[in-house]
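Me: I have a model open and want to learn how to read it. Can you take me through it feature by feature?

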Amino acid sequence: MLDDFVIIQKLVASILVGYLLGSMPFAYVAGRFRGVDIFSTGSRTAGTANVFWNIGHRTGTGVFIADVAKGSAAIVIAQLLDVSGPLVLLAGAASVMGHWKSVFSGFRGGDGMATLMGVTLAAAPSLAILGFVVGFAVVLVLWRATFRSG
C-alpha cells in the first residue's frame with residue numbers, strides 16, 4: 001500500500017517537473033533579449049521556428065537546443081525518480097503541454113515540436129535519429145512554404 005503511494009508521488013512529481021520544464025519560455029526570453037516580442041511577430045507563437053525565421057538563425061538554433069533539452073530532461077528526471085516503463089512518457093507529454101501552454105507566458109507558447117524531439121531523443125534514441133533526418137529533409141524541401149511549423 002505504501003509502495004503504491006510512493007509510486008504515485010514519483011509519477012505526479014515527474015509530471016509536474018515535466019510541465020514546469022516545458023513551460024520555460026526560451027523563445028520568448030530570446031526574443032526579448034533581441035528586442036522582439038515573439039507573440040507579435042511571424043506566426044505569433046513562442047516556438048523555435050518562429051524565432052529562427054523571424055529573429056535570427058543563431059538565436060533560433062539556441063532556442064532549438066534549449067527546447068530539445070527541456071523535453072529530454074523531463075524524461076531523464078522521470079527515469080531518475082524511478083518512474084517505470086512507459087509512464088515516463090507522461091512526464092514527456094507534460095513537457096510538451098508546458099511548452100504549448102506555458103504558465104510563465106500567460107498560457108501561450110509554441111507548438112512543441114522541438115520539445116517533442118527532445119522527449120523522443122531521450123525515450124527512443126534510434127527513432128529520434130530517424131525523425132531528425134526526416135524532419136531536416138522536410139525543412140529543406142519546405143524552406144519557404146507558408147504552412148511549415150512556426
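Me: In which hand does α2 pass α4?

Reply: This is a predicted model. In it, the crossing of α2 past α4 is right-handed.

Me: How close do the axes of α2 and α4 come, and at what angle do they cross?

Reply: Helix α2 spans residues 26–33 and helix α4 residues 57–80. Their axes come within 9 Å and cross at roughly 155°. Angles over 145 degrees count as roughly antiparallel, so α2 is roughly antiparallel to α4.

Me: Which residues of α2 and α4 meet?

Reply: From α2, they are F26, A27 and A30. On the α4 side, they meet T59, V63, A66, D67 and K70. Sorted by class, this contact holds 5 nonpolar, 1 polar and 2 charged residues.

Me: How many aromatic pairs are in the whole structure?

Reply: A search finds 3. One of them joins Y28 and F39. Read the distance, then the plane angle. The centres are 5.7 Å apart, with 35° between the planes, which makes the pair tilted. Y28 sits in helix α2, while F39 is in the loop between α2 and α3 (48–54), so the pair ties together parts 11 residues apart in sequence.

Me: Where is confidence lowest, and where highest?

Reply: Where pLDDT is low, the predicted coordinates should not be read in detail. Here the protein averages a pLDDT of 89, and 93% of the residues score at least 70. Confidence is lowest in helix α7 (residues 125–141), with a mean of 84. Confidence is highest in helix α5 (residues 88–100), at 96.

Terms used: Residues numbered from 1 in each chain as written. Predicted model: local features only at pLDDT ≥ 70, side-chain atom pairs only at ≥ 80, totals over all residues. Heavy atoms only, no water. Axes fitted to C-alpha atoms, helices over the stretch in contact; angles between N-to-C directions. Helix = DSSP H or I, 4+ residues; strand = E, 2+ residues; numbered from the N terminus. Parallel < 35°, antiparallel > 145°, perpendicular 65-115°, else oblique. Left-handed = near helix turned anticlockwise from the far one by under 90°. Contact = heavy atoms within 4.5 Å. Nonpolar A, V, L, I, M, F, W, Y, C, P; charged D, E, K, R; others polar. pLDDT = per-residue confidence, 0-100. Phe/Tyr/Trp six-rings, centres within 6.5 Å; stacked < 30°, edge-to-face > 60°.
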